[in-house]
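Please find below some notes for a colleague who is meeting this structure for the first time. They are set out as numbered points, to be read with the model in view.

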Amino acid sequence: MLPAVLLFLAFFALPIGYAVWLSFRRVEVQGLGLGSGARREVWAGLSNYTAALGDSELLAGALRVLGYGMIVVPTMLGLALLFALMLDADRVAGRHFARLTIFLPYAVPGVIAALLWGFLYLPSVSPLHFVLDRLGLPQPDLLGGGALFIALSNIAVWGGTGFNMIVIYTALRAIPPEIYEAARLDGCSQRQIAWRIKIPMVAPSLVLTFFFSVIATLQVFNEPTTLRPLTNNLSTTWSPLMKVYQDAFVRGNIHSAAATAVIIALVTLVLSFGFLRLANSRTRQEESR
């Protein structure tokens, strides 16, 4: 286990510890800030955290990510469950090809996917806008207004549905076929089997995919960052992680960025832990019945 422990310490534990250390520090400037001793790091206590929690840009970004997640998570998991149930149904033609086709977008890197969709959204080069223009139909502005949330959510749904579908489909294939045979003898239709047997029995997989989807939503960065050069409606601090990047590498305030990153990590941890506790308590209640 030594190689795994060393890799964990080098690439996970130490960077987190260093970020926490930086979050409690600040740069003190003396005089004009010139000379070898004019700038030095000093202990800042909780001042970086206080400033981060009171930052209106961080709060606005968190609200945007909340709205983004309310679109992405239910849509992506709903489609993943629907595709998994369809592939698990009896007498499905082209099952293997359909499974590969649905999963394939997940293999495309996030930045590449955002670029591809960005050019499909851009009116000057989009074939969709060209077809709508030829047909005399209105051309939607997918990079502005409320449609921007739909455009960003579509990229995440397109890329993540296949992975979640594979997880749920694998759980469906593990259900003993004798259960289905007993249900058919009792007169259950395919729809009743899916609703009363399949979905309840893959509930742990649904919990797992929901857990991963929430974490991915809180860490959204690639899609808005990649689309930002294509539209003026995406600010440099659209999401909390984008604000961390701006503070650290554009504004040069690495200590404030570290504090914001620690806050995001703690919020993610609390939400994830709370959801797992809730799911485990409901599972125990159902088992006790």
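1. Y169 touches A84, L87, D88, R95 and R99, once residues up to four places away in sequence are set aside. This is a predicted model, and within it Y169 has its place in helix α7. Y169 counts as buried because its relative accessible area is 5%, which is under the 20% cut-off. Its C-alpha atom and that of F24, a residue 145 places away along the chain, are separated by 46 Å.

2. M165 also lies in helix α7, and it is buried, with a relative accessible area of 0%. Apart from neighbours within four places in sequence, M165 is in contact with A80, F83, A84, L87, R99, I102 and F103. Among these, A84, L87 and R99 are also touched by Y169. As for spacing, M165 and L85 are 80 residues apart along the chain, while their C-alpha atoms are separated by 9.1 Å.

3. As a general background, nonpolar side chains tend to be buried together in soluble globular proteins.

4. Helix α9 covers residues 190-201, and its 12 residues reach 15 Å from the first C-alpha to the last, which is close to the 16 Å expected at 1.5 Å a residue. Which of its residues are buried? They are I193, A194, I197, K198 and I199, and what covers the buried residues of α9 includes α3 (56-88), α7 (147-173), α8 (177-185) and α10 (203-218).

5. The packing of α8 and α9 can be described in some detail, since the two pack at an angle of about 145° with their axes 11 Å apart, and α8 passes α9 in a right-handed crossing. On the α8 side the residues involved are I179, Y180, A183 and R184, and these meet Q190, I193, I197, K198 and M201 of α9. Taken together, the residues of this contact divide into six nonpolar, one polar and two charged.

6. L206 has its place in helix α10, and, with neighbours within four places in sequence left aside, it is in contact with L81, I168 and I199. L206 and R99 are 107 residues apart in sequence, and the distance between their C-alpha atoms is 18 Å.

7. A last point concerns Q246, which is found in helix α12 (residues 240-250). Is Q246 buried or exposed? Q246 is buried, because its relative accessible area of 12% falls under the 20% cut-off. Leaving aside neighbours within four places in sequence, Q246 is in contact with T236, T237 and R251.

Notes: Residues are numbered from 1 along each chain as its sequence is written. This is a predicted model: local features need pLDDT of at least 70, side-chain atom pairs count only at pLDDT 80 or more; totals for chains, interfaces and linings use all residues. Side-chain values use heavy atoms; hydrogens and water are left out. Helices (H or I, at least four residues) and strands (E, at least two) are DSSP runs, numbered from the N terminus. The expected span of a helix is 1.5 Å times one less than its number of residues. Buried means under 20% relative accessible area, exposed over 50%, partly exposed in between (1.4 Å probe, protein chains only). Contact means heavy atoms within 4.5 Å. Axes are lines fitted to C-alpha atoms, for helices over the stretch in contact, and angles run from 0 to 180 degrees between N-to-C directions. A crossing is left-handed if the near helix is turned anticlockwise from the far one by less than a right angle, and right-handed if clockwise. Ala, Val, Leu, Ile, Met, Phe, Trp, Tyr, Cys and Pro count as nonpolar, Asp, Glu, Lys and Arg as charged, and the others, Gly among them, as polar.
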